[in-house]
Amino acid sequence: MYQLFNIQDYVVVITGGTGVLGRTIAKYLALEGAQVVILGRKEEVGRAIVEDILKAGGRAEFMKTDVMNQQTVQENCDAIVAKYGRVDTLLNAAGGNMPGATIAPDKTFFDLDAAQFQTVLNLNLTGTVIPTQVFLHPMVKAGKGSIINFSSMAAFRPMTRVCGYAAAKAGISNFTAYMATECAKKFGEGIRVNAIAPGFFITEQNRALLTNPDGTYTQRGQDVIRQTPFGRMGEAEELCGTIHYLMSDAAKFVTGTVAVVDGGFNCFAM
């Protein structure tokens, strides 16, 4: 009972672990005693993150992947299981957006690029489904595991501009609920599937959308701040506690939920 939050020696796989949020979460979990495996496309960046974690006293390694290529992800999984014997937690943090899948204020729906819209759906939604399908196997074999997906505020509300991204994230929230039931009914209560929905955090993908070169907020950024009762953007470190909880035995009876970490954005109403 007194070890509810203990994640010492957990084998944690993080897709999209080279992003601003992913790398922060990876370092936190490693310093909490987990063995972290970062999966991503940017090998040089990934190895630098691992080096930083090792210097800080954590355990981590990097593997290059493509979350939309099932064979590649399976090879990653096989290597991890061969080395560590199991996978305790999968954090599906891979995702992104493209200009053609957004609609700027001076554009209309007719300007939407269907090909880029499909790419954004694939990267975010299919890029969550494939790793889930692959890494679920060793969890089922062990009878225990936790999968945590990345949803978004855009999944709750039809926000302007982010047409493709919002559709994909709404799909992830629905997929999370579906998989929670699927796993519990067919593989037992040891397999839990949840999601985290961050509010607005400055990342490489949205920095230019939310901030000006001098660091002040754009009109879009100001709109976000007005909608957020805390009156600020989130810090990447503020996601770590919720993820720690969801992957630990403290959340042993929690599945199918989307945990909101947003400074009050989603509950605000004029």
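**Cores, salt bridges and cysteines**

Leu-29 touches Ile-7, Val-12, Ile-14, Ala-34, Val-36 and Met-247, leaving aside residues up to four places away in sequence; contact here means heavy atoms within 4.5 Å. The model is predicted, so local features need pLDDT of at least 70 and side-chain atom pairs count only at pLDDT 80 or more, while totals for chains, interfaces and linings use all residues. Residues are numbered from 1 along each chain as its sequence is written, and side-chain values use heavy atoms, with hydrogens and water left out.

Leu-29 is among the residues with the most contacts inside the largest nonpolar core, which has 33 residues. A nonpolar core is a set of buried Ala, Val, Leu, Ile, Met, Phe, Trp, Tyr and Cys residues joined through side-chain atoms within 4.5 Å. Buried means under 20% relative accessible area, exposed means over 50%, and partly exposed lies in between (1.4 Å probe, protein chains only). Elements that give two or more residues to this core include helix H1 (20-31), strand E2 (35-40) and helix H8 (240-247). Helices (H or I, at least four residues) and strands (E, at least two) are DSSP runs, numbered from the N terminus. H1 supplies the largest share of the core, 5 residues. A second, separate core of 22 residues includes Ile-80, Val-87, Ala-180 and Val-193. In soluble globular proteins, nonpolar side chains tend to be buried together.

Charged side chains form another set of links. A search of the whole structure finds 12 salt bridges, each a side-chain nitrogen of Lys or Arg within 4 Å of a carboxyl oxygen of Asp or Glu. One of them joins Arg-59 and Asp-9 (2.8 Å, N to O). Arg-59 lies in strand E3 and Asp-9 in the segment before E1, so this pair ties together parts that are 50 residues apart in sequence. Glu-61 and Lys-83 also meet in a salt bridge (3.2 Å, N to O). This pair links strand E3, which holds Glu-61, to helix H3 (residues 70-84), which holds Lys-83. Glu-61 is buried, at 16% relative accessible area, whereas Lys-83 is exposed, at 56%. Arg-23, Lys-42 and Glu-204 are linked in a network of salt bridges.

What about the cysteines? The structure holds 0 disulfides, a disulfide being a pair of cysteine sulfur atoms within 2.5 Å. The closest cysteine sulfur to that of Cys-77 is in Cys-183, 14 Å away, which is too far for a bond. Cys-77 is buried, at 3% relative accessibility.
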